[in-house]
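Open the model in your viewer and keep the selection tool ready. This tour goes from a DNA strand to a protein interface.

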Protein chains: 2
Amino acid sequence: MSKADRTKSRILETAIELFNDRGTKAVTTNHIAAALGISPGNLYYHFRNKEEIIRAIFVQMHEVGVSEYREINDPRGPGNAASMEETFLMIQRFNWRYRFFKRELAALVQSDPELKALFVASHREHLAMVRQAIDASIEQGFFREIPLHLRELLTEQIWLMALFWLNYLEVGGEEVTEATLARGNEILRTMMLPYLSESALRSVMQGSGVHTL
Amino acid sequence: MSKADRTKSRILETAIELFNDRGTKAVTTNHIAAALGISPGNLYYHFRNKEEIIRAIFVQMHEVGVSEYREINDPRGPGNAASMEETFLMIQRFNWRYRFFKRELAALVQSDPELKALFVASHREHLAMVRQAIDASIEQGFFREIPLHLRELLTEQIWLMALFWLNYLEVGGEEVTEATLARGNEILRTMMLPYLSESALRSVMQGSGVHTL
DNA sequence: ACTAGTTTAGAGTATACGCTCTATTTTTTT
DNA sequence: AAAAAAATAGAGCGTATACTCTAAACTAGT
């Protein structure tokens with residue numbers, strides 16, 4: 001790792017913290033430089049402007065996210081309750097670490113077309129992952145058979161939930177804690193419950209506190 | 001309506017348009033004044049700053065929203081599929097008219113505690129409305145009996161969906177059209193489907209293109 | 001050790017932002 | 001019609017912002 005790379009990642013790290021605390025609007029490049037103890041000139045040597053920093057943070061988030069997803073779902077493969085919930089919690093961890101990003105998501109992609117393109121691509125990938133997880137679940141007899149159209153709706157339902165749960169908590173005046181994250185997980189289970197197969201229903205029942213219909 | 005009130009509402013109207021187009025960050029009080037053809041001094045005579053304008057817009061949105069909700073649900077009462085979907089569409093209309101607000105929601109409430117208090121109160125009211133609609137649906141035999149805890153989860157599931165659907169479309173690179181709004185509606189139906197009573201299932205089946213489980 | 005390339009410092013600049021202040025016009029009250 | 005109050009104009013000001021530029025320091029290859 002070269003010196004430049006080290007400085008670059010220190011800038012990103014500091015920027016993430018400041019953005020999370022105060023929002024991208026309130027944080028200027030000069031603030032980031034000052035918080036890091038480097039000069040504005042130095043910062044501008046590495047990043048042409050604030051937008052570029054934000055884009056770099058997004059790319060980082062996406063890359064790490066995809067690789068963590070693979071780690072969780074590769075060994076056992078997707079398509080069981082455990083890996084789905086683990087994935088959901090992983091996403092929430094990301095949403096927390098990069099919370100400024102989801103918080104300002106719509107505004108950010110509006111004002112930066114380049115970022116928008118990046119995000120839309122990632123968004124589609126995520127949808128594909130959910131879709132794949134559902135299909136695998138059906139194949140493994142964890143879910144029942146579901147008509148294609150309904151499967152599509154379920155995919156979006158689940159992804160929207162994963163994408164905005166933290167946001168929902170924040171704007172509703174709730175803190176992000178173990179408990180509130182668990183509630184999100186519960187809602188996710190509730191969404192999937194109607195689609196569980198007979199056998200899955202039986203095995204899930206005796207485990208966690210899922211409520212029956 | 002006094003002259004001041006007229007000017008005030010013209011300011012709000014112009015602000016909404018500009019905010020929707022360019023985002024609150026890019027729009028300054030001077031821009032609003034210029035777009036309206038009044039002086040900055042005049043604008044500041046009516047509103048102390050941009051935050052106050054945003055708060056006023058929110059209050060307007062909330063008040064009109066509540067009264068429209070009453071109009072839809074008062075005559076027949078909540079608790080049937082038609083009024084629920086009509087309410088959902090109404091909310092989406094609001095989300096569109098004030099789209100800058102939902103777009104920047106989390107960031108706005110973060111940087112303005114006063115606005116946050118207003119929003120949280122409204123948020124709770126909305127949740128209560130959904131809760132009430134569900135209870136009424138059960139009472140009228142449209143929904144089956146549902147345990148309290150599950151009812152709570154369903155409430156949040158529905159409200160989160162209504163709150164963020166437009167946002168979801170926007171960040172996903174989809175335009176807001178009749179078709180995409182209808183898709184949101186479909187997802188809403190999918191969420192409620194598992195909870196319909198036998199009789200409701202029968203009557204719903206033959207109507208719209210709802211997919212059976 | 002020399003040198004070319006890379007990285008950093010920090011002063012500096014043009015611009016725009018949010019906002020104020022006073023003077024003037026318009027409206028309302030008596 | 002005169003006086004008081006409300007509404008508006010517009011110049012202007014302090015500050016912060018995003019960003020640049022040059023010179024200095026450091027690093028790496030030979």
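Helices here are DSSP runs of H or I with at least four residues, numbered from the N terminus. The model is predicted: local features need pLDDT of at least 70, side-chain atom pairs count only at pLDDT 80 or more, and totals for chains, interfaces and linings use all residues. Residues are numbered from 1 along each chain as its sequence is written, chains are lettered from A and ligands numbered from 1 in the order written, and side-chain values use heavy atoms, without hydrogens and water.

**Stop 1: DNA strand D.** Select the residues near the strand (a heavy atom within 4 Å of it). Sugar and phosphate make up 71% of the DNA strand D atoms that come within 4 Å of the protein.

Now colour helix 2 (29-36) and helix 3 (40-46) of chain A, then helix 1 and helix 3 (40-46) of chain B; each supplies at least two residues of this surface. Helix 3 of chain B gives the most, 5 residues.

Zoom in on the phosphate oxygens. A polar side-chain atom of B:Thr7 lies 3.0 Å from one. The side chain of B:Tyr45 has an N or O atom 2.9 Å from a phosphate oxygen.

**Stop 2: chains A and B.** Select residues in contact (heavy atoms within 4.5 Å). Chain B contributes 48 and chain A 48.

Next, find the salt bridges (a side-chain nitrogen of Lys or Arg within 4 Å of a carboxyl oxygen of Asp or Glu). B:Arg183 and A:Glu156 form one, with closest N and O atoms 2.7 Å apart.

Terms used. A polar contact is a pair of N or O atoms within 3.5 Å; within protein, one must be able to donate a hydrogen and the other to accept it, and residues adjacent in sequence count only if both atoms are side-chain atoms.
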